[in-house]
Structure formats: structure tokens, C-alpha cells
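Subject: A structure for you to look at

Hello,

Here is the structure I promised to pass on to you. Please open it next to this email and follow along as you read.

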Amino acid sequence: YLHCFLSEQPDLNWANPEVVIAMEDTLRFWLDRGVDGFRMDVVHLIGKDPALPDEPPEVAGLPHTVLNVRPETHEHLRSLRRLLDGYDGDRMAIGEIYLLDTKLVAEHYGNNDELHLCFNFPPLYARWNAESWRARIAETESVLGPIDAWPTWVLSNHDNPRHPTRYAADLRLDEAATERVARAAAVLLCTLRGTPFLYAGEELGLTDAVVPDDRRRDPAGRDGCRAPIPWDASPTHGWKSADNWLPWPPDPTRRNAADQIADPDSIFHVYRRLLELRRSLPVLQSGEISLLEAPEGVLAYERSLEGSRVTIAINTTDDEIDWIPPGETLISSLDSYPAAGRRALRPYEAVIVGQ
């Protein structure tokens, strides 16, 4: 009996051909019904060393999840890819590859014959400052670019505190500053080269719920980011009962879907404007990316495609910085309608500038 997670969660034995057949039949069941693709949980664990050796002493304290890199996994992924490619349309698979080294993550793209996309988690753990993000972007591009693998970007998920919660704790931000950083992070997420993934509630700027010990449900302590989404300001916030399995995220009477949608200045509409701009500008969909020189504390990069260029500048500090890229400001994280002619980035402001 082998388990990499809770003792109640046995791993499937992919070395057993009957297991492989059953899992592939499961995929066919859904593909035959028109499903476009799958998010495959910790899929780098499906191949294991058949000898099941102990971990080397120097890494024995780490979970096996972050250590399992096996050729058997790649054999299984190539087989799954052939199955997906046998269907009409753009069927795809994205894998959760919880290896904290982008080079190891990249191996699971194969030679364009394994996963279509791989979650790359090191950027999720980057601190909110320009230097950390420059390093993460440069590393991702240097590793994935040469093998023509398409990057993914994620700031929050069901396994980690939401990124506004993490950044607020790290920088000791008040509520207003946390909101500004969350808006700037939205610009970052939606303008990098690759596919952005949003975690449910991210578009509302939700932070983690405070969960008392007697209401915890998850043995790993991940309840805060899994709190129910408030849909409206009513006592039940759009749910059947006001007393759900977990407490509400902070300030649900104001930070709920209905109120955010009704407020054109809310963070919800920042995301909406970003996604609309991304759909309308091919340069933001598939353009190249180049990191730019900028004042200390500013992360700046350019996206370019066939003569079209946009520049993104993100002030990761709480100071106003007397610098802004030349051109027309298409989006500001802080304004519904950016003012023309500004020469400075406000604290925790991000802008997209067209040239």
C-alpha cells in the first residue's frame, strides 16, 4: 500500500497495465462526450522507481512529491498524448508538475509529445518585488524558450494562501495597499508571455478566510483559500445557508461578486479590461517578451509581434516613481480611464502602454 499524500489516498499503480487501460478508458469516456481537455493532478507521480527505495538522507525530510522524476512518467505521458491527439479538435492536457525547478518541469513537455502545458510553480512563490519577478521571468524564458514550450503563469491555487494574503503578510500591507498590489498583480498575470490561470475568486480580490481551529477541514491547513465565494451581500451571500462548511472570506458584504460586477472601478473590471485587451491585441497573445531596464523597484517588459509593441511597467513599491514608459496608457491598474500625459508611476501601480 503506497500513498504520497494522506493515508486515506492510495496511489494508483501505473506499472499495472490494467490500471493504465482503466485510466485511458476514463479519458475516452469524457473525450467522447466532447470534453476539450484535462487538468491532471500531480501527474509527475504516475511513474515511480519500481524498487521503491528510501529517499537519500540529504532529502529525506522533503515530501516525495517534489522529488519524483522518473522515465516511466514520460512513457505514460506520451501514451496519453497519443490518445488525446487521436481525437478531432484541440484536445489538450495541462499537468500539475509540483517540482520546484523549472528545468525539471520543462522535461514534461517532452518533444511536443507529452503535456501541452505544465504548471510552473516557482513564480507562485516569488515575493512581490521587481527583482524576484525579473529573475522568474528570465528563468522561465531561458528554460522554455529553447524547447519551444509554452509557459503558464499562476499566482494562486487551492493549495496555497491567496496571493493578496501572501503579499500583504510579507510586506505588512493594510487593506488599501493590498488591493493596489492585487490589481498590479492582475496586470502582471495577464500580460506575460504564456497562458495565465486564475484561481476562483481571484477576480474579486479575495483574501484568505480566517478559519478557527474547530472549523478546519483540511489536514494540511489549506482551508483559508478554499472558503466559499460570496456571490452577493445578502446574509447567505447567495448560498442556501449562511453557515457553510467554512467561514466567509473577509468583508463579504462588500467584496462579493454582485457588488464587484456593479462597480465599474472594482478589481473585477480590472481583470475584465485586461482580458478584453488581451483578446483584441495579438501581441499580448503570442508576442515575444523582453525585459527592460527600469528604475529600481519597477518591473518593466515589452511584448512585440510583427511591428506591434506594448510595454508593461509595474511599480512594486509603495513610493511614487518618476518614470513611465512613453506612449499611450491603454490600462492602468488604478484607473478605469487612465489620464494622458502622466510622468510617474503611483505606489503599486501597473500600466500597459501602447507604442
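What is the order of the strands in the open sheet, and is their pairing parallel or antiparallel? Keep in mind as you look that this is a predicted model. The open sheet has 3 strands, arranged in the order S1-S2-S3, and the pairing is parallel. At its edges are strand S1 (37-40) and strand S3 (117-119), each of which pairs on one side only. On average, neighbouring strands of this sheet are turned by 15 degrees against each other, if direction is ignored. As background, strands of a sheet pair through backbone hydrogen bonds, in either a parallel or an antiparallel way.

Strand S2 (residues 92-96) runs parallel to S3, and 3 bridges join the two. Look for Gly-95, which stands opposite Cys-118 in S3.

Next, please turn to helix H5 (residues 163-171). Which of its residues are buried? They are His-163, Pro-164, Arg-166, Tyr-167 and Ala-168. The buried residues of H5 pack against helix H4 (130-144), helix H6 (175-191) and helix H8 (267-280).

Asn-112 has a positive phi, near 55 degrees, and is a residue other than glycine. You will find Asn-112 in the loop between helix H3 (102-106) and S3. His-237, also not a glycine, has a positive phi near 50 degrees. His-237 lies in the loop between strand S5 (195-197) and helix H7 (257-262).

Is Asn-112 buried or exposed? Its relative accessibility is 62%, so Asn-112 counts as exposed, because the cut-off for exposed is over 50%. His-237, on the other hand, has a relative accessibility of 5% and therefore counts as buried, since buried means under 20%.

Finally, have a look at Ala-242, which is placed in the loop between S5 and H7. Ala-242 has a relative accessible area of 40%, so it is partly exposed. Which residues does Ala-242 touch, leaving aside those up to four places away in sequence? Ala-242 touches Pro-235, Thr-236 and Trp-248.

Happy exploring, and do write back with any questions!

Best wishes

Technical notes. Residues numbered from 1 in each chain as written. Predicted model: local features only at pLDDT ≥ 70, side-chain atom pairs only at ≥ 80, totals over all residues. Heavy atoms only, no water. Pairing = 2+ DSSP bridges. Helix = DSSP H or I, 4+ residues; strand = E, 2+ residues; numbered from the N terminus. Axes fitted to C-alpha atoms, helices over the stretch in contact; angles between N-to-C directions. Buried < 20%, exposed > 50% of the residue type's maximum accessible area, 1.4 Å probe, protein only. Contact = heavy atoms within 4.5 Å.
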